[in-house]
Amino acid sequence: MLLKELVERCRSYRRFDEAHRLTKEDLVELVSLARLAASAGNLQPLKYFLSWEDKTNRLIFPTLHWAAYLKDWPGPAEGERPAAYIVVLGDRNIAQVFGVDAGIASQNILLGAVEKGLGGCIIGSVDRDDLRKALDIPQHLEILHVIALGKPAEKVVIEDLPPGGDIRYWRDENGVHHVPKRTLSELIINL
Ligand SMILES: Cc1cc2nc3c(=O)[nH]c(=O)nc-3n(C[C@H](O)[C@H](O)[C@H](O)COP(=O)(O)O)c2cc1C
C-alpha cells in the first residue's frame, strides 16, 4: 500500500470483529514501529502496556469513553469490542512532557495496524485512576492514552467540511461513520 492509501485507511475505528484475535507478537511488532519514532531530545520516554487476552481486555474496556459526538451510542457492544489494546505511558523518571512523542509513536502503531489489515482508535478519554488500579501501573508512568485495536467491522468515510460546517462526525442509517475534514484551502493559510 502506498503511504497515501495507508493514511486514508488509517481512520479511527470503534467497532471490530472481536473474534479476530491479535497475538502478543502482533502488538510487539507494532511497538517496534513506535520505537523508531522521533523523540524530543531523543529521550524516548514512552513505555507500553500490551493487552491481547480477554482477561486484561475486560479490565481495560470499562475505563474507556467512546465517540462523544454519537450521543445515542454507548460504545462497542460485546462481539464488536477491540481485540487488543496498547496503553501508551510516559515515564516521568525520563521526562515530564510527552505530547509530540506520543502522537508520532501512536500514529506509527496505527499505520502498522492498517498495513496488517487491522485498525484502531486512540482513546484519550480514559478513567485513568481506575485503569492504573486495574493494571497495577506504577505511579511514575503517566497514562497518556490507550490505543484500541482490532479487525475493523465498520465503514468510515471522510468528507470535505464546507466553510462554517459542523466538525462533528456522525453515523448514517446504514451504520457508516462520516468524518468531516477541513479542506486544504482552510488549513493552509497562504495557499
Ligand atoms: C489525542 C486523541 C484522543 C482521542 N480520544 C478519543 C476518545 O477518547 N474516544 C473516541 O472515541 N475517540 C477518540 N479519538 C478519535 C477522534 O475522535 C478521531 O480522531 C476524530 O473523530 C477524527 O476521525 P479520524 O481519526 O477517523 O480522522 C481521539 C483522537 C486523538 C488524536
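Predicted model: local features only at pLDDT ≥ 70, side-chain atom pairs only at ≥ 80, totals over all residues.
**Note on the core, the domains and the ligand shell**

1. Leaving aside neighbours within four places in sequence, Ile 109 has contacts with Leu 30, Leu 33, Ala 34, Ile 86 and Ile 147.

2. Ile 109 belongs to the largest nonpolar core, which has 33 residues. Together with Tyr 85, Ile 86, Val 88, Val 146, Ile 147 and Leu 149, Ile 109 touches the most other members of that core. The elements that supply two or more residues to the core are helix 2 (24–34), strand 3 (84–91), helix 4 (99–115), strand 4 (119–123) and strand 5 (141–152). As background, nonpolar side chains in soluble globular proteins tend to be buried together.

3. Where the domains meet, 5 residues of domain 1 are in contact with 8 residues of domain 2. On the domain 1 side, the touching residues comprise 3 nonpolar and 2 charged residues, with no polar ones.

4. Around the ligand there are 15 residues, of which Arg 11, Ser 12, Ile 122, Gly 124 and Ser 125 come nearest. By class, this shell holds 8 nonpolar, 5 polar and 2 charged residues. Strand 4 is the element that gives the most to the shell, with 3 residues; strand 4 is also among the elements that supply the core.

5. Why is the ligand said to lie between domain 1 and domain 2? Both domains give residues to the shell around the ligand, so the ligand lies between them.

Key
Residues numbered from 1 in each chain as written. Core = buried A, V, L, I, M, F, W, Y, C linked by C-beta atoms within 7 Å. Buried ≥ 20, exposed ≤ 12 C-beta atoms within 10 Å, placed from the backbone. Helix = DSSP H or I, 4+ residues; strand = E, 2+ residues; numbered from the N terminus. Contact = placed C-beta atoms within 7 Å. Nonpolar A, V, L, I, M, F, W, Y, C, P; charged D, E, K, R; others polar. Near = placed C-beta within 6 Å. Domains from an automatic or database assignment.
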